[in-house]
There are 2 protein chains.
Amino acid sequence: MDEAAPQKGTVTQRAIEQIKAMIAEGRLEPGQRLPTERELAVRLGISRSSMREAIRALTVLGVLEARHGSGIYVTALEAGDLLETFGVVADLSRGPRLVELLEVRRILESTATALAAARITDDRLAAVEKHLAAMNATDDPEEILAHDLAFHREIAAAAGNETMAAILDGLSSRTFRARVWRGYQEEGAFARTRREHAAIHRALAARDPEAARTAAAAHVGEVEEWLRAQLGGPDPRPGPR
Amino acid sequence: MDEAAPQKGTVTQRAIEQIKAMIAEGRLEPGQRLPTERELAVRLGISRSSMREAIRALTVLGVLEARHGSGIYVTALEAGDLLETFGVVADLSRGPRLVELLEVRRILESTATALAAARITDDRLAAVEKHLAAMNATDDPEEILAHDLAFHREIAAAAGNETMAAILDGLSSRTFRARVWRGYQEEGAFARTRREHAAIHRALAARDPEAARTAAAAHVGEVEEWLRAQLGGPDPRPGPR
DNA sequence: CCAGCCAAGTGGTCGGACCACTACGGGTTC
DNA sequence: GAACCCGTAGTGGTCCGACCACTTGGCTGG
């Protein structure tokens, strides 16, 4: 009945799988340029429209990169490229799942901070201190948020696990934190946050992994507990969606 | 110069953002049906082709679901839907990043197992035992792998954090484990694996979180260490890609 | 030798046509 | 009256062909 090329699902889905397979099998190397949309379509026996949908899908997944006028390329396939979509999860989650995401972040962030305490170089530690100082030197929430993100990003990078750092990045996406922190900081949590950040930095400087783990876990845990209280709280319409 | 609707990036990218925004703002509820492709295209002022690319992109991200002949729907937006793409990362990663992924899994899995030890119900524990028994009763690698996955999935589910379970699921995708385990099991690691699984189960049955954490960490850590050795090993062409 | 231009080739967008499938309703049958 | 069948309108899926926007590299003219 069915021949060599059986039909399963839509042709676009099939094209996506085929390109993914080409990369997984090593027939397409990171950074390499793919054939033309038009040629790819011919090769797989589908129309250019369907091929474009497949390419677009792989583009949003961070697997391919399309450069207008130049061609289609395989990305570096690094953790950051592929885990970019993780931010979507954080952005579209609401209610109880926000707490779950924070719980995951607490687990990973505490471990990452502990690893960082053992491995961080003096250069990186200086960068951490820079963001810490900048964060305490301003009252602009936007700027604080930016340096806060950079502060944790630097620590995660120092842990030496790019994948973990990329996941934590997604779990701390701008819109995610902005949504949660809007309410959290309104309750005058600035002082507490500064204290916790200082504790994390102190543990890093002392190269004390266990202290770092505890400080980081407490830091994220504070937000987590606050959010948990918000959800089950008195207000019939909980704060963050 | 630019008016109300400024042009940034491709029209498709803009459409993706707009639909995402509609969901984030609550204008589109989970499970709800969207207007037809044709109408959506008209509303956003783009062609149907471009709109289809946007829809396809959101489909692979697990945000939308297209039912042929029926319409386009917002998914339940549960952790499993949105984190399905996590498997792609595991499938396309190779070399050092495989070790990083296992490290992340070790951290999350050990915590999840500890939580499970404290919270697991008798029903779930029975299910865990079922997969454990089935895993030890056969020699078919395929079947062993399937029950192994189910074993850990059941435990992750018992931890009470759907998001974490979904991430672990992605980190243990069939193709991922198949690639790594092919070599690992060849070295006669069956016995060791069974011993470790038994230890995990014992800790769960005893409701001992710390023992469970240790057992799970050791279990994943074994594979992690083996893989690490493979990569830096003697063979110029390391085993798993 | 260099700057600038120009043309070929690429991805991006559009419109329309047709196909495959689903869902709904009216009609038929028991 | 209820259950079944089937036609049909409407949906997503696919394809085609044309044109636009941009990059690139070679060519031309200074």
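Let's start with one residue, L77(A), which is found in the loop between β2 and α4 (79-82) of chain A. Keep in mind that this is a predicted model. L77(A) has phi near 60 degrees, a positive value in a residue other than glycine. Is L77(A) buried or exposed? Its relative accessible area is 4%. The cut-off for buried is under 20%, so L77(A) is buried.

L77(A) also brings us to the domains. The assignment for chain A gives domain 1 as 11-77 and domain 2 as 82-231. How far apart do the C-alpha centres of the two domains lie? For chain A, the answer is 36 Å.

R207(A) is not a glycine, yet its phi is about 55 degrees. Look for R207(A) in the loop between α11 (190-205) and α12 (209-231) of chain A. Its relative accessibility is 33%, so R207(A) counts as partly exposed.

Now the DNA. There are 27 residues around DNA strand C. Which of them come nearest? From chain A, they are T36(A), R48(A) and R52(A); from chain B, V11(B) and H68(B).

Next, the classes. The surface near DNA strand C has 13 polar residues, nine charged and five nonpolar.

What part of the strand faces the protein? Take the atoms of DNA strand C within 4 Å of the protein: 62% belong to sugar or phosphate, and the rest to bases.

Start with the side chain of R38(A): one of its polar atoms lies 3.1 Å from a base nitrogen of DNA strand C.

Last stop, chain B. V42(B) sits in helix α2, residues 37-44. Buried or exposed, then, for V42(B)? The relative accessible area is 67%. Exposed means over 50%, so V42(B) is exposed. Finally, compare V42(B) with A211(B). In sequence they are 169 residues apart. In space, C-alpha to C-alpha, they are 60 Å apart.

Methods:
Residues are numbered from 1 along each chain as its sequence is written. Chains are lettered from A and ligands numbered from 1 in the order in which they are written. This is a predicted model: local features need pLDDT of at least 70, side-chain atom pairs count only at pLDDT 80 or more; totals for chains, interfaces and linings use all residues. Side-chain values use heavy atoms; hydrogens and water are left out. Helices (H or I, at least four residues) and strands (E, at least two) are DSSP runs, numbered from the N terminus. Buried means under 20% relative accessible area, exposed over 50%, partly exposed in between (1.4 Å probe, protein chains only). A residue is near a molecule or strand if one of its heavy atoms lies within 4 Å of it. A polar contact is a pair of N or O atoms within 3.5 Å; within protein, one must be able to donate a hydrogen and the other to accept it, and residues adjacent in sequence count only if both atoms are side-chain atoms. Ala, Val, Leu, Ile, Met, Phe, Trp, Tyr, Cys and Pro count as nonpolar, Asp, Glu, Lys and Arg as charged, and the others, Gly among them, as polar. Domain bounds come from an automatic or database domain assignment.
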